[in-house]
Structure formats: structure tokens, C-alpha cells
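Open the structure in your viewer and keep the selection tool at hand. Each stop below says what to select and what is there.

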Amino acid sequence: MTSRAVYRVPATTSRARVAVWRELKRVGALYVRQAVCVLPDRVRERLDKIRARIGELEGGGGSGQD
């Protein structure tokens with residue numbers, strides 16, 4: 001089974017977007033489109049850390065759905 005993630009980060013800096021993109025790619029995310037990706041099950045434990053990172057960037061968090 002996989003999960004999907006939809007997120008938003010501030011558009012003011014590409015550094016924030018790239019940081020989130022790199023973290024998600026590192027855990028095996030496959031992007032469907034910009035800011036929408038499919039995640040393998042094995043990343044569930046890391047998803048909370050990624051959500052916190054997005055929150056730190058004031059991007060309004062994100063949603064992860066099964």
C-alpha cells in the first residue's frame with residue numbers, strides 16, 4: 001500500500017521548496033505533479049518529521065492520505 005502527500009510551501013523562496021522536495025525524494029517519493037507525490041509505506045515514521053519541516057517553513061503543513 002502507498003500513501004500520497006499534498007503540500008504547500010511559501011513561494012517566496014525556492015530554498016524552502018527544494019528542501020522539502022529533497023527530503024521527500026530521499027525517502028522514495030514519486031512525484032505525480034508539483035507538490036503532489038506518492039510515498040512508499042516504509043516512510044510512515046518519517047512523514048511526521050517531513051510535516052514538521054513544512055510547518056517550520058510556514059507552508060501550512062500538508063496532508064498525507066492512504
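Start with the lining of the largest pocket, whose residues divide into 8 nonpolar, 1 polar and 2 charged. Here Ala, Val, Leu, Ile, Met, Phe, Trp, Tyr, Cys and Pro count as nonpolar, Asp, Glu, Lys and Arg as charged, and the others, Gly among them, as polar. To see the lining, select Tyr 7, Arg 8, Val 9, Pro 10, Ala 11, Arg 17, Val 18, Trp 21, Tyr 31, Gln 34 and Ala 35. A pocket is an open set of points on a 1 Å grid over the protein atoms alone, where a 1.4 Å probe fits, with protein on both sides within 12 Å along at least five of seven lines; lining residues have an atom within 4 Å of a point. The space in this pocket is about 210 Å³, a volume filled by probe spheres set on the points, which are joined across faces, edges and corners.

This is a predicted model, in which local features need pLDDT of at least 70 and side-chain atom pairs count only at pLDDT 80 or more, while totals for chains, interfaces and linings use all residues. Residues are numbered from 1 along each chain as its sequence is written, and side-chain values use heavy atoms, with hydrogens and water left out.

Next, colour by secondary structure. The protein has 2 helices and 4 strands, in the order β-α-β-β-α-β along the sequence. Both are DSSP runs numbered from the N terminus: helices are H or I with at least four residues, strands E with at least two. Helix 1 (residues 14-26) gives the largest share of the pocket lining, 3 residues.

Stay on helix 1 and select Val 20, which lies in it. Is Val 20 buried or exposed? Val 20 is buried, with a relative accessible area of 1%; buried means under 20%, exposed over 50% and partly exposed in between (1.4 Å probe, protein chains only). Beyond its neighbours within four places in sequence, Val 20 is in contact (heavy atoms within 4.5 Å) with Tyr 7, Val 9, Ile 54 and Leu 57.

Finish at Ala 35, in the loop between strand 2 (30-33) and strand 3. Ala 35 has a positive phi of about 65° although it is not a glycine. Most residues other than glycine have a negative phi.
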